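Here's a quick walk through the model, for reading with the structure open next to you.

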Amino acid sequence: MTAPAPASGLLAVRVPRTPGDRLRRALTDSATMTRRGLAHWSRQPGALLTMLLFPVLMLVMFAYFLGGGMAVEGGGDYKEYLVPGLLTLTMAFGLETTMVALTQDINRGVLDRFRSMPIAPSAVLVGRSVLDLLASAAGLLVMAATGLAIGWRFHNGPGPALAAFGLLLLLRFALLWAGICLGLMAGKPELVQAVQILIWPVAFLSSAFTSPDTMPGWMGAIAEWNPLSATAGAARELFGNPGWGGGSWATDHHVLLAVAWPLVLLAVFTPPALSHYTRLGH
Amino acid sequence: MSESPPAVEVTGLCKSYGGTAALDGLDLTVRTGTVHALLGPNGAGKTTAVRIMTTLLRPDAGRALVAGHDAVRDPDEVRYRIGLLGQSAALDEELSGRQNLELFGRLYHLGGRGAARRAAELLERFGLAAAGARPVRQYSGGMRRRLDLAASLIMRPQVLFLDEPTTGLDPRARQAVWQAVRALRDAGTTVLLTTQYLEEADRLAGTITVIDHGRAIAEGTPDQLKDRVGIPRLEVVVRDPGRLAEAAALLGTGTGTGTGTVTDPARRLAGAPAADGTPALTRAVAALAEAGIGIEDIALRRPTLDEVFLHLTGPAADSPRKAPA
Ligand SMILES: Nc1ncnc2c1ncn2[C@@H]1O[C@H](COP(=O)(O)OP(=O)(O)O)[C@@H](O)[C@H]1O
Ligand SMILES: [Mg+2]
């Protein structure tokens, strides 16, 4: 038998051998995955718009319908209190976006194609995180602009304000990996629904809408230590908005906790997320 | 002349899911440049085997060498050389057909322009150029399958895996896939396809491995498999129904391998086993002519692949073989 006609060979095989090659491949492939997400957005601008406008709607509703009845300790404007809280909540709700996108990919089988191709193992997850961070950054901008339009202000200058946005995105990044981990573990839309429901009590048991001081004892304690409260409090402090002091250790160290909590969440969720991903085929 | 190394070499592959063995020591060799069918009923372990060979699944035991590389130890080497058409579509439903192919092309590091060029070529070749801008969500089953196949060919793979490529397709879409597989075979691509359709294996594959309960239970060309199961049978339709019994007796002596029987009086059909095939046919024709029995039709009938399949996988597989009726 003669050698078969070389029907193959469009590409030279370029399996990366050095760490540098591998890193280059990881960056290229992650960028391609991010680009894929951007293409989804341009295919379905409606979905993106909903994602951006839902928090804006919440902001307007809470500011005008609830705002009248809400008192802020120290006597500030409720809008000033609310905006950092809702910015934080938007980051928390991003968990759901990440989970949904990931479970969809798994269940739709396109992940099988990715996994049968010689791409960087991290590309799917890194591409997803970059995309979600981009979405969240856009969301923050839209919300902040709306806030400014309805009377919210930051009082300490652009530096601390940028730091506040940084902390918000850090929280989002940590929750993103929680979403990836849970999405991979669940693999099914049912768990996504459970998370969608469970996120509400977590959101309300925080300082997002009201001060923990006004809650019954044990709830207040939970709310004070809630990672969402840490970020919301830190954002209030950095923006110069009212209502972040409280007298307890947790409320006095908001910024520290707003850095520490996301790191803890990352430490908890990232390793199982990665190992779940690489073990998908076991 | 020396054989080129096999495209796929699988030995002792085992995989269990919670106590049930999906693969139970599968051995399989696919020669380079051939179309090889893995034929088996639902649940036989076909998909599990394909997923292991395409690096999607790790075996519990055994080894899978694909294009000369170990699927577990060097998955990237394997991934550069294979194409996979999975049992269910592995496409991004939200993106257009063109965007899908471009995305996969970029992931193969063809670059933006290279990926676009390859996408255009493949869309054209699979008759999807006009639908290229529409989201895959809107594609019919046949279009989806063709796009999925196009995606698996971006790299011009050395070994192409097709897991039940035509299941669920209407006859026209099935024909289109068959045609594409034949074209690939003619171009020298090694194809391993799984199927539950005997007809599909018979038409496309040069070699068939029958798999059941996670194990290869028979292998050969379609004809060899048919021969394995049953000896061919000689069947005669006589002109004069009055001479049918006589013809049956003559067939028995003419074939020399068994008793002739009247198979179906209504159709004037008589038959007899014919172990040595064509010579038995010649002898029978001569005997019938000598006796002056007019024949309308005479044929050497091999068992169909259906009978092979049932024989090999059916509950009676262990019992002594019965001559095919
Ligand atoms: N992910 C899984 N979890 C549990 N059982 C599975 C899984 N995949 C396959 N099986 C079982 O393994 C056996 C072989 O399945 P499969 O390889 O899909 O067969 P085929 O493709 O030939 O229909 C079946 O009994 C099936 O139920
Ligand atoms: Mg299957």
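In which helix is the place of A:Arg172? A:Arg172 sits in helix H6 of chain A, which covers residues 158-186. Keep in mind that this is a predicted model, so the notes on confidence below are worth a look too.

**Chain A at a glance**

- Chain A is built from eleven helices and has zero strands.
- Reading along the sequence, you get the pattern α-α-α-α-α-α-α-α-α-α-α.
- Of the 282 residues in chain A, 48% are buried.
- Take the contacts in chain A between residues at least 6 apart in sequence: 82% of them join residues at least 24 apart.
- The accessible surface of chain A is about 12,400 Å², and carbon and sulfur atoms account for 70% of that.

**How confident is the prediction for chain A?**

- The average pLDDT of chain A is 85, with 90% of the residues scoring at least 70.
- Confidence in chain A is highest in helix H1 (residues 19-43), at a mean of 94, and lowest in helix H10 (residues 249-252), at 78.
- Residues 1-9 of chain A have a pLDDT below 50, and beyond near neighbours in sequence this stretch makes 19 contacts in the model.

- Leaving out residues up to four places away in sequence, A:Arg172 touches A:Met91, A:Gly94, A:Leu95, A:Thr97, A:Thr98, A:Asp132, A:Leu133 and A:Ser136.
- A:Leu125 belongs to helix H5 of chain A (residues 123-149), and at 1% relative accessibility A:Leu125 counts as buried.
- Again not counting residues up to four places away in sequence, A:Leu125 touches A:Leu102, A:Trp177, A:Ile180, A:Ala273, A:Leu274 and A:Tyr277.

- Chain B divides into domain 1 (8-227) and domain 2 (233-302).
- The centres of domain 1 and domain 2 of chain B, taken over C-alpha atoms, are 45 Å apart.
- Chain B has an open sheet of four strands in the order E2-E1-E4-E5, with antiparallel pairing.
- Strand E2 (20-30) and strand E5 (69-70) of chain B are at the edges with a single partner strand each, so one side of each has no neighbour in the sheet.
- Strand E1 of chain B (residues 8-17) runs antiparallel to E2(B), and eight bridges join the two.
- For B:Val8, the bridge partner in E2(B) is B:Val30.

- Why is strand E9 of chain B (residues 207-212) largely enclosed by the rest of the structure? Six of its six residues are buried.
- Both faces of E9(B) are covered, with B:Thr207, B:Thr209 and B:Ile211 buried on one side and B:Ile208, B:Val210 and B:Asp212 buried on the other.
- Strand E3 of chain B (residues 35-39) runs parallel to E9(B), joined by four bridges, and B:His36 has B:Thr207 as its bridge partner in E9(B).
- Strand E10 of chain B (residues 215-220) runs antiparallel to E9(B), joined by five bridges, and B:Ile211 has B:Ala216 as its bridge partner in E10(B).
- Two residues lie between the strands in the hairpin of E9(B) and E10(B), where B:His213 takes a positive phi near 50°.

**Helix H3 of chain B**

- The buried residues of H3(B) are B:Gly97, B:Asn100, B:Leu101, B:Leu103, B:Phe104, B:Gly105 and B:Leu107.
- Their cover includes H1 and helix H4 (110-115) of chain A, together with helix H4 (111-125) and helix H5 (141-152) of chain B.
- B:His109 follows H3(B) and has a positive phi, near 65°.

**The magnesium site**

- Which protein donors does the magnesium ion (ligand 2) have? They are B:Thr47 (OG1) and B:Gln87 (OE1), at 1.9 to 2.2 Å from the ion.
- The pair links distant parts of the chain, 40 residues apart: B:Thr47 is in helix H1 of chain B (residues 46-53), while B:Gln87 is in the loop between strand E6 (82-85) and helix H3 (97-107) of chain B.
- B:Thr47 counts as partly exposed at 26% relative accessibility, and B:Gln87 counts as partly exposed at 40%.

Definitions and conventions
Residues are numbered from 1 along each chain as its sequence is written. Chains are lettered from A and ligands numbered from 1 in the order in which they are written. This is a predicted model: local features need pLDDT of at least 70, side-chain atom pairs count only at pLDDT 80 or more; totals for chains, interfaces and linings use all residues. Side-chain values use heavy atoms; hydrogens and water are left out. Two strands pair if DSSP finds at least two bridges between them. Buried means under 20% relative accessible area, exposed over 50%, partly exposed in between (1.4 Å probe, protein chains only). Contact means heavy atoms within 4.5 Å. Accessible areas come from the Shrake-Rupley method with a 1.4 Å probe; for residues, only the protein chains shown count as cover. Domain bounds come from an automatic or database domain assignment. Donors are N, O and S atoms within 2.8 Å of the metal (3.2 Å for Na, K and Ca); water is not among the atoms, so sites may look incomplete. pLDDT is the predictor's confidence in each residue, from 0 to 100.
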